[in-house]
Amino acid sequence: MTEELKKLQWEGWHHSFRGPAKEETAAAWRKPEMDDRRRTARRLCAALEAEKPVLFPGEIIAFTRTMSAMPMIYSPEEWEEIRKTHYIHELGNVSNLSPDYGRVIRTGLQALRERAEALCPGQPVTEEIDAVLKLTARYAAAAREAGMTELAQVLDRVPARGAETFREALQSLRILHYALWCEGNYHNTLGRFDQYMMPWLEKDLAEGRETRESAGELVKAFFLACNRDSDLYPGMQQGDNGQSLMLGGMTPEGGDGYNLLSDLCLEACGELRLIDPKINLRVNRDTPPEVFEKGTRLTRLGLGFPQYANDDVVIPGLEELGYAEKDARNYTVAACWEFIIPGKGMEIPNIGALSFARVTDQTIRDHLAECRNMEQLKEFLARAIREDVLRQMEERKNLYVIPSPFLSLFFDGCLENGRDISEGCVYNNWGFHGTGLAPAADMLAAADRMVLGGEMTAEGLIAAMDRNFEGAEKLREKLRHDCPKMGNDDGAAPYAAWLLHTFAESVRDLRNERGGRVRAGTGSAMYYITHAEALGATADGREAGVPLPANYAPSLNIRLNGPLSLIRDFTVPELREAINGGPLTVEFSESVFSQEDAVKKVAQLVRMFIRKGGHQIQLNTVNREKLLDAQRHPENYRNLIVRVWGWSGYFTELDRCYQDHIIRRAELSV
Amino acid sequence: MTGTVFDIKEFAVFDGPGIRTTVFMKGCPLRCRWCHNPEGLSPAPQLMVSTAACVHCGACTRACRHPEKCTVCGECVAACRYGYRKIAGTKWEADALADRLLRDSDFFEDGGGVTFSGGEPLMQWPFVREVIRHLPGIHTAIETSGYARDEVFDEMRKTVSLVMMDWKVSDPEAFRFWTGVSQEPVRRHMEALCAGETPFIVRMPVIPGVNDRKKHFETLADLVQGAEKLIRVELLPYQKAAGAKYDMVGMEYRPGFDESPAPRMFPEVFERRGIPVRQFR
């Protein structure tokens, strides 16, 4: 059944039911007297009313989008006015959070509606709940009409009431998740699925309602549904939809959370081979090798996940930032890799980015000539980093986020305190990515050896950089191949460690206007393209135009010694201080996996990274020839999956610059 | 003591158990027609050029100071902005190489270690032995054709943790035709391995039209039958990309056999006799 559904879905059977949203519907909410929460509610109601039930033959988990996004709650003029006086993050909606699905699935929307009414009658969220339940009723009727009685019965119960069975819980989750997208929230993650869903599975297994096999089918049906409308949620690129899902890891009480459902999820992904949900796996130094091997089997398939996160580093790192112990233990990831807390964080982990490469390059250009030693250069650089983050903080004042009454249901205390999630929650921290750390370390290493080491003058180096090394080819090669490189275990790692620590120190005392802190990270998101374009030739021998590496990875124009040196270097920095996340990204050639025991070896490698104190790692299995051929004949490679920056997408759906970057990375593959 | 190495590969997944670093020793007395590491043949450092990718910008020609005869000075390597030129063959001191390898030793738990490959590592055995002496407690493996002097081979067997030895061609005359050397020492050393105490793996490169015959498989099976320390036989089918690097070292790839058919495999010859066998893709 799953295979047939997958085929129908892949071929876009349901696309014929899709229609565009009508701009004139906006008149129903763009009224001067209507506040923003009410507008959001009316917009969601209109979106759900416009939906028509579409049922795939024989499907177990229903709900399919047929309408594209509704017009926003503001007219262009109103929005323009708001932007004049506020800082708007990305599209302005709440995004990139981890809702507490478990509580809402357990409680049921009806009970939450009653609570809302008791607290404040007629508040916008009651309209929204009603609209969700109305659409569910229409789906139930359609299911009955189609003879899908069991599905109809499930829809009769959830999400109105608390789910009783695993199937009901999955259906409820599907509807709730769907409604979040309809409300205008995006990068709607799925959080610690194996933790919050396990109680229902356990009960069903104990009471004989499900077996391991039938439960696996249900998981697959749910995962399949996650891929159904995701093309409507493109993010920065198609595939960047934020549907991340976390498995394993420590429970809030301190136990080991890896369970049967974690296994079923990994298995389901291996069978489906689709880009959603994007699997993350929490591990620690004592995680048994078998778990890494299960993850590596997915890596071998070229899915670009799981991405691993290390509890040994992340939990203490979060605690140092002020997260309560139980919350720190309960972390998951945002759309890509940023560590956030389910049901408690209204965090904006991608609000800014420090371009390590740019500040380092600028400092070398401005100050290297007056420095006699590295300590002096570091002083200038530390000042430049501090100035950069202060400037970014200054630009991010008077934040406005479009409210989300429905999403607020999933967050601690929002309903009870009459607070919308857009206004904040228990944790209101911000995160800054850190791009180009390795090239910046390489620049420092090169400047140290060549200029401070007395081989040449700063003026000579900078003049050569300004000429893009024209006529200075030997110097360029020396910089590129004879100077230490982050990733080759030849002396560049201490510079990277210093840079990262300095970044963390620079944001340590900062507080945003909501009282939240600022977290330093090692991620790049899409900045690796723009930050590279803003650079000329650099002191590490990199010519103008050469891209920066994505995330936490070595420079792209060097010869790598191999993954062992790579892992040694990339575990030198104190990554507990880089708790905004950002994975070491390693590319493996497909041929590595031609023998079965390679799975074990790659799993060992990942485990070594974790044991050495790495915070996060993602692996991509690539075949460069295949990627090049896919650029020439995209029609033959529609299902070719690659890891982009923090998510897996279909290669042929990416813009050329991202495709080219992946091919370049593939040249450095193991 | 110095040796010449043409590559050091971390995380070499095909060269023995666990996570390993492989050292490729330069120089080989054999001239197997299917050899895919032509830069491993000559014992001397040599220039390698990615001729297929070259954009003919002329920078290397302008930088060259010895147009009459290459001295492997490396001027042109520095001149190539694309990194398409390199020198294959680096001189290492034994203790320096050992230090380099020991850097990886924290990854060698769970059965990993160091592998010496080539080329033919036994051609530089005194050096390899010296490196191994500096690697106490590290699992060491060697990939060899088996072509060496008897005393070298014997000493090697008693030194390393694992031997991976080729069995290329069974018929002695055909062996000489396809590899350029006598099979006699190779057969002797295979017998020594079978009777010895060192764990070993036998690798069969299976080349279409050269040795993809059942009889060849049976000859090896006869040889290794009952060998107590044999871990398994590995079947390595000929890869069509074998000739890719010849151009880079200024050689012509003339295999002398038809590369196109997939080689025939007879793993059942070993399976039937209870000899563990693994087939590579």
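Let me start with a definition: buried means under 20% relative accessible area, exposed means over 50%, and partly exposed is in between, with a 1.4 Å probe and protein chains only. By that rule A:Asp466 is exposed, because its relative accessible area is 55%.

Now the ground rules. This is a predicted model, where local features need pLDDT of at least 70, side-chain atom pairs count only at pLDDT 80 or more, and totals for chains, interfaces and linings use all residues. Residues are numbered from 1 along each chain as its sequence is written, chains are lettered from A and ligands numbered from 1 in the order in which they are written, and side-chain values use heavy atoms, with hydrogens and water left out.

Let me stay with A:Asp466. It forms a salt bridge with A:Arg365, and the closest N and O atoms are 2.7 Å apart. A salt bridge here is a side-chain nitrogen of Lys or Arg within 4 Å of a carboxyl oxygen of Asp or Glu. A:Arg365 sits in helix α16 (residues 356-367) of chain A and A:Asp466 in helix α21 (residues 458-466), so the pair ties together parts that are 101 residues apart in sequence. Helices (H or I, at least four residues) and strands (E, at least two) are DSSP runs, numbered from the N terminus. A:Arg365 counts as partly exposed, because its relative accessible area is 23%.

Next pair. A:Arg144 forms a salt bridge with A:Asp156, with the closest N and O atoms 2.4 Å apart. This pair links distant parts of the chain: A:Arg144 is in helix α6 (residues 124-145) of chain A, A:Asp156 is in helix α7 (residues 149-157) of chain A, and they are twelve residues apart. A:Arg144 is partly exposed, at 42% relative accessibility. A:Asp156 is partly exposed too, at 39%.

One more. A:Glu395 forms a salt bridge with A:Arg396, at 3.4 Å between the closest N and O atoms. Here A:Glu395 is partly exposed, at 44% relative accessibility. A:Arg396 is buried, at 12%. How many salt bridges does the rule count over all chains? The count comes to 74.

On to the interface. 33 residues of chain A are in contact with 30 residues of chain B. Contact means heavy atoms within 4.5 Å. The two chains bury about 2,600 Å² between them, 48% of it on carbon and sulfur atoms. That buried area is the accessible area (1.4 Å probe) that two parts lose on being put together, summed over both. In chain A, A:Leu564, A:Gln595 and A:Lys601 lose the most area to chain B, together 25% of what that side buries.

What about the polar side? Across this interface the rule finds six salt bridges. It also finds eleven residue pairs in polar contact, both residues at pLDDT 80 or more. A polar contact is a pair of N or O atoms within 3.5 Å; within protein, one must be able to donate a hydrogen and the other to accept it, and residues adjacent in sequence count only if both atoms are side-chain atoms.

Which elements of chain A supply at least two residues each? They are α22 (473-482), α25 (563-570) and α26 (597-611). α26(A) gives the most to the side that touches chain B, with eight residues.

Look at one bridge. B:Arg103 forms a salt bridge with A:Asp489, the closest N and O atoms being 3.0 Å apart. Both belong to a network of salt bridges that also links A:Arg568, A:Lys612, B:Glu10, B:Arg100, B:Asp104 and B:Asp106.

Now A:Asp569, in helix α25 of chain A. This residue is buried yet has no salt bridge; the nearest side chain of opposite charge (Lys and Arg count as positive, Asp and Glu as negative, and His and the chain ends are not counted) is A:Arg568, 6.6 Å away. What does the side chain of A:Asp569 reach? It reaches the backbone nitrogen of A:Asn488 at 3.2 Å. The backbone nitrogen of A:Gly487 lies 2.7 Å from a polar atom of that side chain.

Last stop, chain B. B:Thr4 lies in strand β1 (residues 2-10). It is buried, with a relative accessible area of 6%. Its side chain makes a polar contact with the side chain of B:Lys91, at 3.3 Å. Leaving aside neighbours within four places in sequence, B:Thr4 is in contact with residues including B:Phe24, B:Pro43 and B:Gln124.
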